[in-house]
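Good morning, colleagues. Please look at the sequence and the model on the screen.

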Amino acid sequence: MSDTTSSRAESSPTRDLPKSPGSAFEGRTFYIKTFGCQMNVHDSERMAGLLSAEGGQPVSEPQTADIILVNTCTIRDKADQKALSDLGRIRQVRKDGPGTILAVTGCMAQREGEEIFRLVPDVDLILGPSQIRNLIPLLDTAAEKNSRVDGTLWPVPEMTTPPALRPPGVSAFLTVQEGCDKACAYCVVPATRGAERSRPVGDILQEAEDLVSMGYREITLLGQNVNGYGKKGDTAGASFPELLQRLSEIPGLLRVRFTTSHPMDMSDALIEVMATAPRVMPHLHLPVQSGSDRMLEKMQRGYDLKTYRRWVEKLREKVPAAALTTDLIVGFCSETEDDFQQTLSAVEEFRFDGAFAFIYSPRPSTPAHGWGETPPREVSVERLERLQKRVEQQSMERNQSLVGTEIEILTEKWDPETRTAFGRTPQFLTVRAIVSPDQSDPVPGDLLTVHISQAARAGLKGNASPHA
Ligand code: SAH
Ligand code: SF4
Ligand code: F3S
(Lines give C-alpha, C1' and ligand atoms only; values in the text may rest on other atoms or scores of the structure.)
(Ligands and ions follow the chains in the order given, each with its own letter.)
Protein backbone atom coordinates (compact mmCIF):
# COMPACT_ATOMS: atom_id res chain seq x y z
CA MET A 1 0.00 0.00 0.00
CA SER A 2 1.35 3.43 -0.83
CA ASP A 3 1.12 6.11 1.76
CA THR A 4 1.35 9.27 -0.24
CA THR A 5 -0.59 12.29 0.90
CA SER A 6 -3.84 12.29 -0.96
CA SER A 7 -6.28 14.93 -1.94
CA ARG A 8 -8.86 12.53 -3.37
CA ALA A 9 -11.15 12.65 -0.40
CA GLU A 10 -10.68 16.32 0.44
CA SER A 11 -12.92 17.24 -2.26
CA SER A 12 -16.17 18.32 -3.36
CA PRO A 13 -19.76 17.22 -3.49
CA THR A 14 -20.33 14.22 -5.68
CA ARG A 15 -23.21 11.87 -5.09
CA ASP A 16 -26.49 12.51 -3.37
CA LEU A 17 -26.80 10.46 -0.23
CA PRO A 18 -30.00 10.07 1.76
CA LYS A 19 -30.19 12.75 4.45
CA SER A 20 -31.56 12.46 7.98
CA PRO A 21 -34.40 14.95 8.43
CA GLY A 22 -33.79 17.92 10.75
CA SER A 23 -30.21 16.94 11.49
CA ALA A 24 -27.96 19.17 13.56
CA PHE A 25 -25.49 19.17 10.66
CA GLU A 26 -27.92 20.53 8.06
CA GLY A 27 -26.13 23.20 6.03
CA ARG A 28 -22.93 23.02 8.06
CA THR A 29 -19.74 22.88 6.08
CA PHE A 30 -16.96 20.35 6.51
CA TYR A 31 -13.41 19.97 5.21
CA ILE A 32 -11.37 16.76 5.29
CA LYS A 33 -7.61 16.53 4.82
CA THR A 34 -6.25 13.04 4.27
CA PHE A 35 -2.79 11.59 4.90
CA GLY A 36 -1.66 7.99 4.55
CA CYS A 37 -2.69 4.87 2.69
CA GLN A 38 -5.72 3.98 0.56
CA MET A 39 -7.54 2.76 3.67
CA ASN A 40 -7.27 6.24 5.10
CA VAL A 41 -8.46 7.74 1.82
CA HIS A 42 -11.49 5.50 1.97
CA ASP A 43 -12.02 6.22 5.68
CA SER A 44 -12.22 9.90 4.70
CA GLU A 45 -14.80 9.03 2.05
CA ARG A 46 -16.80 7.27 4.75
CA MET A 47 -16.57 10.24 7.11
CA ALA A 48 -17.65 12.53 4.26
CA GLY A 49 -20.53 10.13 3.61
CA LEU A 50 -21.66 10.18 7.23
CA LEU A 51 -21.57 13.99 7.37
CA SER A 52 -23.34 14.38 4.02
CA ALA A 53 -26.07 11.99 5.11
CA GLU A 54 -26.65 14.37 8.04
CA GLY A 55 -26.94 17.37 5.73
CA GLY A 56 -23.32 18.56 5.89
CA GLN A 57 -21.76 20.31 2.88
CA PRO A 58 -18.19 19.50 1.81
CA VAL A 59 -15.91 22.47 1.12
CA SER A 60 -12.41 22.54 -0.33
CA GLU A 61 -10.78 25.04 2.06
CA PRO A 62 -10.42 24.76 5.84
CA GLN A 63 -11.06 28.54 6.19
CA THR A 64 -14.72 28.15 5.29
CA ALA A 65 -15.44 24.93 7.18
CA ASP A 66 -17.47 24.58 10.38
CA ILE A 67 -16.05 21.12 10.90
CA ILE A 68 -12.44 20.26 10.06
CA LEU A 69 -11.23 16.67 10.07
CA VAL A 70 -7.52 15.94 9.68
CA ASN A 71 -7.23 12.22 8.96
CA THR A 72 -3.70 11.26 9.95
CA CYS A 73 -1.15 8.50 9.33
CA THR A 74 1.61 7.45 11.72
CA ILE A 75 3.39 4.67 9.81
CA ARG A 76 6.73 6.52 9.91
CA ASP A 77 7.93 9.55 11.84
CA LYS A 78 7.70 11.66 8.68
CA ALA A 79 3.95 10.98 8.52
CA ASP A 80 3.51 12.38 12.04
CA GLN A 81 5.55 15.44 11.13
CA LYS A 82 3.47 16.10 8.01
CA ALA A 83 0.19 15.87 9.92
CA LEU A 84 1.43 18.06 12.77
CA SER A 85 2.70 20.71 10.40
CA ASP A 86 -0.61 20.72 8.54
CA LEU A 87 -2.49 20.99 11.83
CA GLY A 88 -0.28 23.96 12.73
CA ARG A 89 -1.34 25.67 9.51
CA ILE A 90 -5.01 24.75 9.82
CA ARG A 91 -5.42 25.98 13.38
CA GLN A 92 -4.23 29.43 12.23
CA VAL A 93 -6.87 29.71 9.52
CA ARG A 94 -9.85 27.88 11.05
CA LYS A 95 -13.10 29.72 11.63
CA ASP A 96 -13.73 30.93 15.14
CA GLY A 97 -17.04 30.68 16.86
CA PRO A 98 -19.50 28.38 18.59
CA GLY A 99 -20.03 25.03 16.96
CA THR A 100 -16.80 24.93 14.98
CA ILE A 101 -14.88 21.73 15.52
CA LEU A 102 -11.30 20.71 14.73
CA ALA A 103 -11.01 16.92 14.89
CA VAL A 104 -7.90 14.77 14.45
CA THR A 105 -8.80 11.32 13.18
CA GLY A 106 -6.86 8.31 11.93
CA CYS A 107 -3.82 6.37 13.02
CA MET A 108 -1.81 9.19 14.65
CA ALA A 109 -4.85 10.17 16.72
CA GLN A 110 -5.25 6.58 17.86
CA ARG A 111 -1.58 6.16 18.75
CA GLU A 112 -1.05 9.51 20.47
CA GLY A 113 -4.42 9.62 22.24
CA GLU A 114 -4.89 12.70 24.37
CA GLU A 115 -1.27 13.72 23.84
CA ILE A 116 -2.69 15.31 20.64
CA PHE A 117 -4.50 17.88 22.80
CA ARG A 118 -1.12 18.95 24.17
CA LEU A 119 0.64 18.91 20.80
CA VAL A 120 -2.10 20.91 19.06
CA PRO A 121 -3.96 22.93 21.69
CA ASP A 122 -7.00 23.87 19.56
CA VAL A 123 -8.10 20.31 18.86
CA ASP A 124 -11.66 19.57 20.04
CA LEU A 125 -12.01 15.90 19.20
CA ILE A 126 -9.83 12.88 18.47
CA LEU A 127 -10.90 9.52 17.10
CA GLY A 128 -9.11 6.49 15.67
CA PRO A 129 -9.88 4.49 12.53
CA SER A 130 -12.08 2.04 14.46
CA GLN A 131 -14.35 4.83 15.73
CA ILE A 132 -15.39 6.19 12.35
CA ARG A 133 -18.88 4.73 12.73
CA ASN A 134 -19.16 6.87 15.89
CA LEU A 135 -18.28 10.08 14.05
CA ILE A 136 -21.68 11.76 14.29
CA PRO A 137 -22.33 11.07 18.01
CA LEU A 138 -18.75 12.09 18.75
CA LEU A 139 -19.13 15.39 16.90
CA ASP A 140 -22.45 15.94 18.70
CA THR A 141 -20.79 15.30 22.04
CA ALA A 142 -17.88 17.62 21.23
CA ALA A 143 -20.33 20.38 20.19
CA GLU A 144 -22.62 19.95 23.19
CA LYS A 145 -19.95 19.67 25.80
CA ASN A 146 -17.92 22.47 24.35
CA SER A 147 -14.94 20.59 25.72
CA ARG A 148 -12.34 18.19 24.37
CA VAL A 149 -13.54 14.70 23.56
CA ASP A 150 -11.30 11.64 23.35
CA GLY A 151 -13.18 9.28 21.03
CA THR A 152 -10.33 6.75 21.07
CA LEU A 153 -11.68 5.67 24.46
CA TRP A 154 -15.16 4.89 23.06
CA PRO A 155 -15.97 1.23 22.38
CA VAL A 156 -15.34 -0.06 18.85
CA PRO A 157 -18.71 -0.24 17.06
CA GLU A 158 -20.04 -3.11 14.92
CA MET A 159 -18.79 -3.49 11.34
CA THR A 160 -21.75 -1.86 9.62
CA THR A 161 -21.34 -0.13 6.26
CA PRO A 162 -21.24 3.63 6.68
CA PRO A 163 -22.33 5.57 3.59
CA ALA A 164 -19.30 6.77 1.62
CA LEU A 165 -19.00 9.93 -0.46
CA ARG A 166 -16.57 8.96 -3.19
CA PRO A 167 -15.21 11.24 -5.90
CA PRO A 168 -17.02 10.64 -9.17
CA GLY A 169 -15.11 8.39 -11.52
CA VAL A 170 -14.61 4.91 -12.78
CA SER A 171 -12.76 3.34 -9.87
CA ALA A 172 -13.82 3.02 -6.24
CA PHE A 173 -12.30 1.74 -3.01
CA LEU A 174 -14.16 -0.83 -0.94
CA THR A 175 -12.89 -1.97 2.47
CA VAL A 176 -13.41 -5.69 3.09
CA GLN A 177 -11.23 -6.21 6.12
CA GLU A 178 -9.94 -4.01 8.91
CA GLY A 179 -7.19 -4.31 11.51
CA CYS A 180 -4.22 -6.65 11.70
CA ASP A 181 -3.38 -9.65 13.89
CA LYS A 182 0.19 -9.97 12.70
CA ALA A 183 2.97 -8.60 14.83
CA CYS A 184 5.66 -7.27 12.52
CA ALA A 185 8.26 -5.85 14.88
CA TYR A 186 8.49 -2.46 13.16
CA CYS A 187 4.80 -1.82 12.52
CA VAL A 188 2.37 0.44 14.33
CA VAL A 189 -0.75 -0.69 12.45
CA PRO A 190 -1.93 -3.41 14.89
CA ALA A 191 -1.84 -0.72 17.59
CA THR A 192 -3.76 1.84 15.52
CA ARG A 193 -6.26 -0.30 13.63
CA GLY A 194 -6.84 -3.00 16.21
CA ALA A 195 -7.64 -6.68 15.78
CA GLU A 196 -8.33 -8.15 12.36
CA ARG A 197 -12.00 -8.40 11.34
CA SER A 198 -13.77 -9.07 8.05
CA ARG A 199 -17.04 -7.66 6.73
CA PRO A 200 -19.88 -10.02 5.88
CA VAL A 201 -19.77 -11.14 2.26
CA GLY A 202 -23.38 -10.05 1.63
CA ASP A 203 -22.62 -6.45 2.69
CA ILE A 204 -19.62 -6.34 0.38
CA LEU A 205 -21.53 -7.71 -2.61
CA GLN A 206 -24.35 -5.24 -1.97
CA GLU A 207 -21.95 -2.31 -1.78
CA ALA A 208 -20.22 -3.47 -4.98
CA GLU A 209 -23.56 -3.72 -6.81
CA ASP A 210 -24.51 -0.24 -5.59
CA LEU A 211 -21.19 1.10 -6.88
CA VAL A 212 -21.82 -0.41 -10.29
CA SER A 213 -25.28 1.14 -10.41
CA MET A 214 -23.67 4.53 -9.61
CA GLY A 215 -21.41 4.10 -12.64
CA TYR A 216 -18.18 2.72 -11.18
CA ARG A 217 -16.55 0.04 -13.32
CA GLU A 218 -13.57 -0.95 -11.20
CA ILE A 219 -13.35 -1.74 -7.51
CA THR A 220 -10.21 -1.99 -5.40
CA LEU A 221 -10.73 -4.11 -2.32
CA LEU A 222 -8.85 -2.80 0.68
CA GLY A 223 -7.53 -4.45 3.80
CA GLN A 224 -4.31 -4.50 5.81
CA ASN A 225 -3.93 -8.12 4.74
CA VAL A 226 -6.75 -8.35 2.28
CA ASN A 227 -6.03 -11.98 1.44
CA GLY A 228 -6.58 -12.85 5.11
CA TYR A 229 -10.24 -11.95 4.52
CA GLY A 230 -12.62 -14.45 6.09
CA LYS A 231 -10.31 -15.66 8.81
CA LYS A 232 -12.13 -13.57 11.41
CA GLY A 233 -15.56 -11.98 11.33
CA ASP A 234 -18.99 -13.09 10.22
CA THR A 235 -18.25 -13.70 6.54
CA ALA A 236 -20.59 -16.69 6.33
CA GLY A 237 -17.58 -18.91 5.67
CA ALA A 238 -16.49 -17.14 2.48
CA SER A 239 -12.74 -17.06 1.85
CA PHE A 240 -10.98 -14.27 -0.04
CA PRO A 241 -10.76 -16.21 -3.35
CA GLU A 242 -14.51 -16.98 -3.07
CA LEU A 243 -15.24 -13.32 -2.46
CA LEU A 244 -13.21 -12.38 -5.56
CA GLN A 245 -15.04 -14.99 -7.62
CA ARG A 246 -18.46 -13.67 -6.56
CA LEU A 247 -17.49 -10.05 -7.16
CA SER A 248 -16.18 -10.91 -10.61
CA GLU A 249 -19.63 -12.22 -11.52
CA ILE A 250 -21.39 -8.87 -10.87
CA PRO A 251 -22.72 -7.62 -14.22
CA GLY A 252 -21.17 -4.30 -15.24
CA LEU A 253 -18.19 -4.58 -12.92
CA LEU A 254 -15.27 -4.76 -15.35
CA ARG A 255 -12.30 -4.95 -13.04
CA VAL A 256 -11.62 -6.13 -9.48
CA ARG A 257 -8.33 -5.25 -7.77
CA PHE A 258 -7.13 -5.83 -4.23
CA THR A 259 -4.38 -4.61 -1.91
CA THR A 260 -2.38 -5.41 0.26
CA SER A 261 -1.73 -9.15 0.31
CA HIS A 262 0.45 -10.84 2.93
CA PRO A 263 2.75 -13.75 2.02
CA MET A 264 1.47 -15.72 5.04
CA ASP A 265 -2.14 -15.41 3.86
CA MET A 266 -1.41 -16.55 0.29
CA SER A 267 -3.24 -19.60 -1.04
CA ASP A 268 -3.32 -21.70 -4.19
CA ALA A 269 -7.01 -20.79 -4.47
CA LEU A 270 -6.15 -17.08 -4.71
CA ILE A 271 -3.72 -17.68 -7.57
CA GLU A 272 -6.30 -19.94 -9.19
CA VAL A 273 -9.00 -17.27 -9.15
CA MET A 274 -6.54 -14.74 -10.57
CA ALA A 275 -5.83 -17.22 -13.36
CA THR A 276 -9.44 -18.10 -14.14
CA ALA A 277 -11.65 -15.07 -13.41
CA PRO A 278 -10.92 -12.60 -16.24
CA ARG A 279 -12.22 -9.60 -14.28
CA VAL A 280 -9.88 -10.21 -11.37
CA MET A 281 -6.89 -8.15 -12.45
CA PRO A 282 -3.45 -9.78 -12.77
CA HIS A 283 -1.70 -7.65 -10.19
CA LEU A 284 -0.44 -8.84 -6.81
CA HIS A 285 1.03 -6.41 -4.31
CA LEU A 286 2.95 -8.76 -2.03
CA PRO A 287 5.36 -6.98 0.33
CA VAL A 288 8.59 -8.92 0.89
CA GLN A 289 10.22 -6.20 3.08
CA SER A 290 13.71 -7.74 2.95
CA GLY A 291 15.70 -10.34 1.04
CA SER A 292 17.60 -11.44 4.14
CA ASP A 293 16.15 -14.30 6.19
CA ARG A 294 17.90 -12.90 9.25
CA MET A 295 16.09 -9.58 8.79
CA LEU A 296 12.76 -11.28 8.00
CA GLU A 297 12.99 -13.21 11.22
CA LYS A 298 13.89 -10.13 13.23
CA MET A 299 11.02 -8.29 11.57
CA GLN A 300 8.73 -11.15 12.73
CA ARG A 301 7.26 -11.50 9.26
CA GLY A 302 6.59 -15.21 9.67
CA TYR A 303 8.11 -16.37 6.36
CA ASP A 304 11.52 -16.79 4.83
CA LEU A 305 12.67 -15.91 1.34
CA LYS A 306 12.17 -19.50 0.16
CA THR A 307 8.48 -19.35 1.08
CA TYR A 308 8.09 -15.99 -0.64
CA ARG A 309 9.86 -17.38 -3.74
CA ARG A 310 7.47 -20.35 -3.86
CA TRP A 311 4.48 -18.01 -4.11
CA VAL A 312 6.15 -15.91 -6.78
CA GLU A 313 6.94 -19.01 -8.81
CA LYS A 314 3.36 -20.28 -8.51
CA LEU A 315 1.98 -16.89 -9.52
CA ARG A 316 4.24 -16.66 -12.56
CA GLU A 317 3.45 -20.20 -13.60
CA LYS A 318 -0.35 -19.83 -13.38
CA VAL A 319 -0.71 -16.14 -14.22
CA PRO A 320 2.18 -15.33 -16.56
CA ALA A 321 0.82 -11.85 -17.28
CA ALA A 322 0.68 -10.91 -13.59
CA ALA A 323 2.42 -7.83 -12.28
CA LEU A 324 4.14 -8.28 -8.94
CA THR A 325 4.79 -5.25 -6.76
CA THR A 326 6.24 -5.03 -3.28
CA ASP A 327 7.27 -2.99 -0.24
CA LEU A 328 10.87 -2.92 1.03
CA ILE A 329 12.43 -1.63 4.23
CA VAL A 330 16.12 -0.73 4.53
CA GLY A 331 18.05 0.13 7.67
CA PHE A 332 16.09 -2.09 10.06
CA CYS A 333 17.73 -2.93 13.41
CA SER A 334 21.19 -4.46 12.89
CA GLU A 335 20.92 -4.56 9.06
CA THR A 336 24.38 -5.14 7.61
CA GLU A 337 25.66 -4.47 4.11
CA ASP A 338 25.39 -8.23 3.54
CA ASP A 339 21.68 -8.21 4.57
CA PHE A 340 21.11 -5.30 2.24
CA GLN A 341 22.91 -7.09 -0.62
CA GLN A 342 20.43 -9.94 -0.16
CA THR A 343 17.58 -7.46 -0.60
CA LEU A 344 19.22 -6.22 -3.79
CA SER A 345 19.56 -9.83 -4.98
CA ALA A 346 15.88 -10.43 -4.25
CA VAL A 347 15.03 -7.39 -6.39
CA GLU A 348 17.29 -8.82 -9.12
CA GLU A 349 15.63 -12.22 -8.86
CA PHE A 350 11.96 -11.26 -8.63
CA ARG A 351 12.08 -8.33 -11.07
CA PHE A 352 9.27 -6.49 -9.33
CA ASP A 353 7.01 -4.38 -11.50
CA GLY A 354 7.19 -1.71 -8.84
CA ALA A 355 8.31 -1.30 -5.25
CA PHE A 356 7.75 1.17 -2.44
CA ALA A 357 10.99 1.33 -0.50
CA PHE A 358 11.33 2.95 2.92
CA ILE A 359 13.97 3.65 5.53
CA TYR A 360 13.00 1.99 8.81
CA SER A 361 11.48 4.47 11.20
CA PRO A 362 11.29 3.33 14.85
CA ARG A 363 7.71 3.67 16.11
CA PRO A 364 6.50 3.97 19.69
CA SER A 365 4.36 1.03 20.87
CA THR A 366 5.97 -1.46 18.48
CA PRO A 367 8.14 -4.44 19.50
CA ALA A 368 11.27 -3.09 17.75
CA HIS A 369 11.03 0.34 19.36
CA GLY A 370 14.15 0.66 21.46
CA TRP A 371 16.02 -2.23 19.87
CA GLY A 372 18.37 0.33 18.35
CA GLU A 373 21.32 -0.91 16.29
CA THR A 374 20.03 0.87 13.22
CA PRO A 375 22.70 1.71 10.65
CA PRO A 376 23.83 5.35 10.56
CA ARG A 377 21.29 7.54 8.75
CA GLU A 378 23.60 8.24 5.80
CA VAL A 379 24.13 4.49 5.28
CA SER A 380 20.36 3.87 5.16
CA VAL A 381 19.83 6.82 2.82
CA GLU A 382 22.49 5.47 0.50
CA ARG A 383 20.96 1.96 0.59
CA LEU A 384 17.53 3.37 -0.18
CA GLU A 385 18.92 5.26 -3.16
CA ARG A 386 20.70 2.19 -4.54
CA LEU A 387 17.54 0.13 -4.15
CA GLN A 388 15.27 2.71 -5.72
CA LYS A 389 17.64 3.18 -8.63
CA ARG A 390 17.63 -0.53 -9.42
CA VAL A 391 13.84 -0.80 -9.10
CA GLU A 392 13.43 2.19 -11.43
CA GLN A 393 15.79 0.70 -14.01
CA GLN A 394 13.79 -2.51 -13.93
CA SER A 395 10.48 -0.63 -14.36
CA MET A 396 11.94 1.23 -17.30
CA GLU A 397 13.19 -1.98 -18.93
CA ARG A 398 9.82 -3.66 -18.38
CA ASN A 399 7.94 -0.67 -19.82
CA GLN A 400 10.21 -0.59 -22.85
CA SER A 401 9.58 -4.28 -23.48
CA LEU A 402 5.90 -3.41 -23.93
CA VAL A 403 6.50 -1.06 -26.88
CA GLY A 404 4.88 -2.56 -29.95
CA THR A 405 2.32 -4.59 -28.00
CA GLU A 406 -1.45 -4.08 -27.72
CA ILE A 407 -2.88 -3.59 -24.24
CA GLU A 408 -6.40 -3.02 -22.98
CA ILE A 409 -6.98 -0.01 -20.75
CA LEU A 410 -9.99 1.06 -18.74
CA THR A 411 -10.57 4.70 -19.67
CA GLU A 412 -10.57 6.91 -16.58
CA LYS A 413 -10.36 10.34 -18.21
CA TRP A 414 -10.93 11.72 -21.68
CA ASP A 415 -9.58 15.04 -22.94
CA PRO A 416 -11.44 15.92 -26.16
CA GLU A 417 -9.08 18.81 -26.97
CA THR A 418 -5.95 16.69 -27.21
CA ARG A 419 -8.03 13.58 -28.01
CA THR A 420 -6.17 11.75 -25.25
CA ALA A 421 -7.63 8.97 -23.16
CA PHE A 422 -6.01 8.20 -19.83
CA GLY A 423 -6.33 4.79 -18.21
CA ARG A 424 -4.58 1.81 -16.74
CA THR A 425 -3.54 -1.60 -18.00
CA PRO A 426 -4.73 -4.73 -16.17
CA GLN A 427 -1.28 -4.71 -14.49
CA PHE A 428 -1.97 -1.14 -13.24
CA LEU A 429 0.44 0.71 -15.54
CA THR A 430 -0.73 4.16 -16.61
CA VAL A 431 -1.33 4.76 -20.32
CA ARG A 432 -2.00 7.88 -22.38
CA ALA A 433 -3.66 6.96 -25.65
CA ILE A 434 -4.27 9.24 -28.63
CA VAL A 435 -7.62 8.55 -30.27
CA SER A 436 -7.68 9.59 -33.94
CA PRO A 437 -10.47 11.95 -35.11
CA ASP A 438 -12.05 9.26 -37.29
CA GLN A 439 -12.59 7.09 -34.20
CA SER A 440 -15.52 7.68 -31.88
CA ASP A 441 -14.84 9.51 -28.61
CA PRO A 442 -14.38 7.15 -25.67
CA VAL A 443 -16.09 7.88 -22.38
CA PRO A 444 -14.71 7.09 -18.92
CA GLY A 445 -15.52 3.46 -18.19
CA ASP A 446 -14.86 2.28 -21.76
CA LEU A 447 -12.31 -0.44 -22.39
CA LEU A 448 -9.90 0.65 -25.10
CA THR A 449 -7.26 -1.38 -26.93
CA VAL A 450 -4.05 0.61 -27.25
CA HIS A 451 -1.04 0.06 -29.47
CA ILE A 452 1.92 1.03 -27.25
CA SER A 453 4.44 3.25 -29.03
CA GLN A 454 6.48 4.85 -26.22
CA ALA A 455 7.59 3.97 -22.71
CA ALA A 456 8.72 6.18 -19.87
CA ARG A 457 9.42 5.18 -16.30
CA ALA A 458 6.09 6.52 -15.12
CA GLY A 459 3.98 4.91 -17.82
CA LEU A 460 3.19 4.20 -21.43
CA LYS A 461 1.95 6.11 -24.46
CA GLY A 462 0.22 4.84 -27.55
CA ASN A 463 -2.62 5.04 -30.04
CA ALA A 464 -6.08 3.60 -29.64
CA SER A 465 -6.50 0.75 -32.09
CA PRO A 466 -8.87 1.60 -34.95
CA HIS A 467 -11.33 -1.17 -34.22
CA ALA A 468 -11.90 0.21 -30.70
N1 SAH B 1 -0.07 -4.86 5.80
C2 SAH B 1 0.91 -4.62 4.85
C3 SAH B 1 1.67 -3.32 5.03
C4 SAH B 1 1.05 -2.11 5.60
S5 SAH B 1 2.12 -0.77 6.01
C6 SAH B 1 1.90 -5.76 4.85
O7 SAH B 1 2.12 -6.39 5.86
O8 SAH B 1 2.52 -5.99 3.87
C9 SAH B 1 2.83 -0.37 4.42
C10 SAH B 1 4.32 -0.51 4.37
O11 SAH B 1 4.95 0.45 5.16
C12 SAH B 1 4.87 -1.82 4.87
O13 SAH B 1 4.77 -2.84 3.95
C14 SAH B 1 6.30 -1.48 5.19
O15 SAH B 1 7.13 -1.67 4.08
C16 SAH B 1 6.23 0.00 5.53
N17 SAH B 1 6.41 0.24 6.96
C18 SAH B 1 5.61 -0.13 7.97
N19 SAH B 1 6.12 0.27 9.15
C20 SAH B 1 7.29 0.89 8.87
C21 SAH B 1 8.30 1.51 9.68
N22 SAH B 1 8.20 1.54 11.01
N23 SAH B 1 9.35 2.06 9.06
C24 SAH B 1 9.47 2.02 7.70
N25 SAH B 1 8.56 1.45 6.91
C26 SAH B 1 7.48 0.89 7.48
FE1 SF4 C 1 1.96 -4.03 9.80
FE2 SF4 C 1 2.82 -6.49 9.52
FE3 SF4 C 1 0.22 -6.02 9.97
FE4 SF4 C 1 1.33 -5.39 7.63
S5 SF4 C 1 1.12 -7.46 8.49
S6 SF4 C 1 -0.05 -4.11 8.87
S7 SF4 C 1 3.37 -4.73 8.21
S8 SF4 C 1 1.90 -5.67 11.39
FE1 F3S D 1 -2.50 3.55 6.69
FE2 F3S D 1 -0.77 5.11 7.87
FE3 F3S D 1 -2.61 3.97 9.29
S4 F3S D 1 -0.33 3.71 6.27
S5 F3S D 1 -3.04 2.07 8.24
S6 F3S D 1 -2.93 5.47 7.67
S7 F3S D 1 -0.54 4.29 9.91
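By class, 18 nonpolar, 12 polar and seven charged residues make up the lining of the largest cavity. Here Ala, Val, Leu, Ile, Met, Phe, Trp, Tyr, Cys and Pro count as nonpolar, Asp, Glu, Lys and Arg as charged, and the others, Gly among them, as polar. A cavity is a set of points, on a 1 Å grid over the protein atoms alone, where a 1.4 Å probe fits but cannot get out, and lining residues have an atom within 4 Å of a point.

This is a predicted model, in which local features need pLDDT of at least 70 and side-chain atom pairs count only at pLDDT 80 or more, while totals for chains, interfaces and linings use all residues. Residues are numbered from 1 along each chain as its sequence is written, chains are lettered from A and ligands numbered from 1 in the order written, and side-chain values use heavy atoms, without hydrogens and water.

The volume of the largest cavity is about 650 Å³, taken as the space filled by probe spheres set on the points, which are joined across faces, edges and corners. Of its 37 lining residues, I75, C187, V189, Q224 and D327 are the closest to the centre.

What sits in the largest cavity? Ligand 2 does, in that more than half of its atoms lie within 2 Å of the grid points. Residues around ligand 2 include C180, K182, H262 and R301, each with a heavy atom within 4 Å. The shell has six nonpolar, three polar and two charged residues.

Technical notes:
1 Å grid on protein atoms, 1.4 Å probe; cavity = no way out; pocket = protein on both sides within 12 Å on 5 of 7 lines; lining within 4 Å.
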